[in-house]
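Visitor: Please take me through this structure one feature at a time. I would like the reading rule before each case.

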Amino acid sequence: MQQLSASQIFIHTVICFWPVWLGLAVIFTVSIASRQKTGLYGRIFDSKVAMLGLSIVLFWILTASFAELLAPFDPLEQFAALKRALPGIIEQKSGLPFLFGGDNLGRDLFSRMIYGSRFVLLIAPAATLTSSISGVLLGLPAGYFRGRLNTLLSFLANLLLAFPVILLFHLLVTPGVRETIIPKLMAGLIFLLPIIFFMLLFWSRYGARRQLLWIQLTLVMAFAGWIYVGVVFPDAVEAIGLSDLFPGLDPNELNIFVAVVFASAPGTFHIVRGLTLDLRTRDYVAAAQTRGENPWYIMLWEILPNIRGPLIVDVCLRIGYTTILLGTLGFFGLGLAPESPDWGSMINQTRGFIRIVPTIVLPPTLALASLVLGLNLLADGLREESLKD
Amino acid sequence: MSRQAHERVKPGAYRRFPGYKFIIWLQNTLRKGLSGLIISRLGIMLLMMTCLSIVVFYLVNLQPNLEKLAKEQANNRMTEEQVQSWLESNGYKRPISQRYVEWLGAVSRGDLGYSTRFRKNVSDVLPARLGYTGLLAFWVMITMVPTALLLGILAGMREGSRSDRVLSSLSIMTTATPEYVSGIIFTVIFSSWLGWLKGVSKAGDITFANFALPVMTMAIYGLGYIARITRASMAEVMNKQYIRTARLKGLPFHLIVIRHALRNALIAPFTVIMLQFPWLLTGVVIVEKLFNYKGFGWLLVEAAENNDIDLLLSCSLVSVAVVVVTQLIADIGYVLLNPRIRVK
């Protein structure tokens with residue numbers, strides 16, 4: 001069988017990613033040209049660290065979006081002759097190389113790695129956003145009102161933090177639990193929090209301007225309700241035959257989503273609560289209180305904008321942490337379909353063969369590590385830039 | 001009057017720290033005596049254990065999980081009716097609240113129950129495994145903490161220099177590489193390629209070849225975080241007035257670092273190091289699975305996979321205890337180590 005040399009593999013890989021390089025070039029040119037106007041985002045381009053982080057993250061986002069274009073093979077297609085093949089072997093029928101070799105079932109590792117980015121980049125940011133909004137919604141009143149509410153919510157957060165993550169995953173993300181009502185109940189609860197958040201956000205500011213408020217609330221309800229119904233009541237949607245119109249999550253993915261939110265929300269809660277406790281004594285809060293503003297207005301429109309710096313950094317770090325968590329799930333073989341091309345499962349399936357082909361685990365491991373590294377670098381750069389004021 | 005007294009105790013630096021109110025509260029508690037703090041924390045721990053055990057108890061007693069248990073215990077190819085009759089005859093059909101109260105009663109008498117997976121009493125299985133994991137955690141801490149502190153101090157003492165850049169990027173890289181990634185890469189390098197170390201670790205056998213890989217994997221993942229906290233703390237201390245004074249006196253640089261900066265810079269990392277213990281518990285599960293080291297993490301996974309009710313409940317009690325006790329030590333140590341907020 002024909003075999004590419006290491007340098008040929010490298011060149012082929014670089015060429016394979018051409019849409020990504022093109023996308024990166026376009027995004028960077030536009031962003032650098034308009035960086036004076038784009039605030040904190042524009043300031044990323046002042047720091048080398050942040051820029052490096054951003055380019056790694058963008059690389060993976062673009063890879064996930066162009067996966068069909070980039071991947072030479074189907075991630076699930078098995079080639080019996082290429083089981084545990086070395087990197088650079090040419091597949092006979094199509095004449096295309098297995099750039100990073102084949103896995104234990106003869107699937108192309110390169111294509112699987114590319115498709116694996118989809119799962120991570122779909123679930124991790126969405127789950128992190130949901131958990132961060134939940135943390136903000138609960139952390140603000142805990143820090144602002146203090147007292148019993150604070151004690152109760154802090155206790156709940158500590159309880160969730162004391163719950164070993166692995167145990168939570170094992171109990172929640174197993175095939176058995178999927179059939180019960182629990183994930184849907186949890187999802188119903190968790191997805192309610194962002195809706196409440198946005199309703200409160202608009203109501204507290206535009207409560208006096210009824211017409212505007214109604215438009216905003218209707219928009220929130222329509223958009224959030226659309227997602228909510230699709231995710232929480234998939235059976236009802238399917239019963240009326242409209243499942244194409246609503247966004248759906250696999251029961252699997254819903255479970256994972258819920259578990260990740262539970263694992264990650266208490267951290268955000270603690271950060272927001274601590275910052276709010278600190279900021280509630282500031283003069284502008286006292287001024288708003290003297291004006292007789294609604295407490296929710298003060299929390300959401302006076303305090304929240306002032307803690308956005310640490311929050312943005314936290315979200316960046318937390319997406320990385322969630323990526324690691326999703327990998328952990330795959331590593332323990334929990335929740336995901338066995339043939340799913342996500343990085344954690346790939347690591348788990350191939351790690352038994354490292355004695356035979358040491359490179360077999362490298363594609364998913366390096367992909368995961370680089371994405372998390374990019375997010376960490378971005379968070380670091382953002383923190384430095386936001387402290388420069 | 002009392003408010004002013006508070007203001008005087010509170011040094012300026014702590015106002016920026018979001019938890020400074022907590023420190024004031026802690027001081028007041030400590031003024032009353034450590035026993036009050038310890039008793040209240042133990043109370044919280046008991047409450048947490050109860051809440052958590054209710055949640056775990058509910059989850060392990062879900063119908064699909066019970067079926068899994070029945071099939072694992074009796075026969076994997078049982079029909080639906082056989083499963084039901086097995087559950088009936090083994091008492092799993094009684095109301096869940098009744099069984100929970102029974103379990104609670106037994107635990108409060110010190111009886112942790114019977115492990116269905118290992119067919120032994122939980123009290124015979126758990127302590128040995130905890131000991132193995134404690135051994136692993138001990139070596140991780142012994143290697144991780146000094147290395148991390150050294151890296152952080154070296155990076156933070158000359159902020160912005162080339163050595164700072166290199167060390168900081170190194171520590172970011174280690175925090176970005178989870179255990180199941182670095183562990184595999186190390187196995188490829190040290191076990192498959194070079195053949196120096198063993199890819200599988202036997203519990204309790206303390207030799208270098210046996211222990212190095214799991215310890216290294218865990219220590220390197222945790223190292224970056226502590227190093228970054230130490231670096232930030234060190235960099236802040238190096239900008240203080242008294243360091244400048246020491247420099248103007250003409251003290252050599254290494255003496256400034258060792259005598260003046262070090263003690264002050266090590267207070268913040270202490271809390272972080274203490275809070276690493278709960279993380280060790282989770283990290284241990286991954287590493288133990290990776291290297292097939294039969295400790296507490298391995299036990300937890302075995303119990304979860306086989307729905308071993310009593311064992312799983314005991315494991316979660318242990319992890320809550322670890323979290324709460326380390327937090328308590330961190331809180332007490334933070335106040336005791338820091339003379340600025342010690343009450344005279």
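Visitor: In which helix of chain A does Trp21(A) lie?

Guide: Helices (H or I, at least four residues) are DSSP runs, numbered from the N terminus. Trp21(A) lies in helix H2 of chain A. This is a predicted model, where local features need pLDDT of at least 70, side-chain atom pairs count only at pLDDT 80 or more, and totals for chains, interfaces and linings use all residues. Residues are numbered from 1 along each chain as its sequence is written, chains are lettered from A in the order in which they are written, and side-chain values use heavy atoms, with hydrogens and water left out.

Visitor: Which residues make the nonpolar surface patch?

Guide: A patch takes residues with over 30% relative accessible area and no salt bridge, and nonpolar side chains (Val, Leu, Ile, Met, Phe, Trp, Tyr) are joined within 5 Å. The accessible areas come from the Shrake-Rupley method with a 1.4 Å probe, and for residues only the protein chains shown count as cover. Here the patch covers about 1,000 Å², and its residues include Trp18(A), Trp21(A), Phe10(A) and Leu69(A). Helix H1 (6-16) and helix H2 (18-33) of chain A are the elements that give two or more residues to this patch. H2(A) gives the most, with five residues.

Visitor: Where is Ser264(A), and what does it touch?

Guide: Ser264(A) is in helix H13 (residues 251-279) of chain A. Its relative accessible area is 1%, so Ser264(A) is buried. Contact means heavy atoms within 4.5 Å. Not counting residues up to four places away in sequence, Ser264(A) touches Ser131(A) and Arg318(A).

Visitor: How many residues of chain B are in contact with chain A, and what area is buried between them?

Guide: Buried area is the accessible area (1.4 Å probe) that two parts lose on being put together, summed over both. For chain B and chain A this is about 4,100 Å², with carbon and sulfur atoms giving 76%. In contact are 50 residues of chain B and 46 residues of chain A.

Visitor: Which side chains meet in a salt bridge?

Guide: A salt bridge is a side-chain nitrogen of Lys or Arg within 4 Å of a carboxyl oxygen of Asp or Glu. The count between chain B and chain A is one. The side chains of Asp380(A) and Arg228(B) meet in a salt bridge, at 2.4 Å from N to O.

Technical notes: Buried < 20%, exposed > 50% of the residue type's maximum accessible area, 1.4 Å probe, protein only. Patch = residues over 30% accessible without salt bridge, like charges linked within 9 Å, V, L, I, M, F, W, Y side chains within 5 Å.
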